[in-house]
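Please examine the sequence and the structure shown below.

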Amino acid sequence: MSEHYKRPSWDDYFMEIMDTVSKRATCGRGRSGCVIAKDNRLLVSGYVGSPVGLAHCDDVGHQMKKVIHVDEGNRETEHCVRTVHAEQNAICQAAKNGISISGATLYCRMTPCRVCAMLIINCGIARVVCQRKYQAGTESEEMLREAGIKLEFFEEQIQEYE
């Protein structure tokens, strides 16, 4: 007799789809993806990439900017600003196609940034499931919780960049 097949949970299912979507990303630093689902149905997806018609990091290189985090003792980080985040692209796809994402669950690679967190809040997303944490995610974690959005992590480890 063969072993009993165990179907993935809905969260596992959507995280696997998110991982597949991330393979379309055009910025080698992040390679992030995002899917938004409601009532166990996939609504939209998005991945890290340049705005439509503009050059991609994979083709022309990164557009790095330094950020100084004054509230964290002037800690300095570098970020690629050529691309739109996966969460932003998924939200834009919903808006472009007239798909309501209010009350939905957003699945993503790592803790959303501050701007993504604000968009998530204003879109009415009810729950965010992240594969991992992001090193500078504490501010957005607090914002999401304060807004009453459930925030869950598959892993407690911090997402590393190459």
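This is a predicted model: local features need pLDDT of at least 70, side-chain atom pairs count only at pLDDT 80 or more; totals for chains, interfaces and linings use all residues.

## Helix 5

Helix 5 spans residues 138-146, and its buried residues are S140, E141, M143 and L144. They lie on the same side of helix 5 because they cover an arc of only 165 degrees around the axis. These buried residues pack against helix 4 (114-123) and strand 7 (150-153).

The face turned away from the buried side carries the exposed residues T138, E142 and E146. After helix 5 comes G148, with a positive phi near 85 degrees.

## Salt bridges around K133 and E141

The whole structure contains 10 salt bridges. Among the residues involved, K133, E141, R145 and E156 are linked in a network. Within helix 5, E141 pairs with R145 at 3.5 Å between the closest N and O atoms; the two residues are four apart, about one turn of the helix. E141 also meets K133 in a salt bridge of 3.6 Å, N to O.

K133 forms a further salt bridge with E156, the closest N and O atoms being 3.6 Å apart. This pair links distant parts of the chain, since K133 lies in the loop between strand 6 (127-132) and helix 5, while E156 lies in the segment after strand 7, 23 residues apart.

E141 counts as buried at 9% relative accessibility, and K133 counts as buried at 18%. R145 is partly exposed at 46%, whereas E156 is exposed at 57%.

## Helix 3

Helix 3 covers residues 86-96, and its buried residues are A86, E87, Q88, N89, A90, I91 and A94. Their cover includes strand 1 (33-38), strand 2 (41-47), strand 5 (105-110) and helix 4. Helix 3 is followed by G98, which has a positive phi near 65 degrees.

Notes:
Residues are numbered from 1 along each chain as its sequence is written. Side-chain values use heavy atoms; hydrogens and water are left out. Buried means under 20% relative accessible area, exposed over 50%, partly exposed in between (1.4 Å probe, protein chains only). The arc is that of the directions from the helix axis to the C-beta atoms. Contact means heavy atoms within 4.5 Å. A salt bridge is a side-chain nitrogen of Lys or Arg within 4 Å of a carboxyl oxygen of Asp or Glu.
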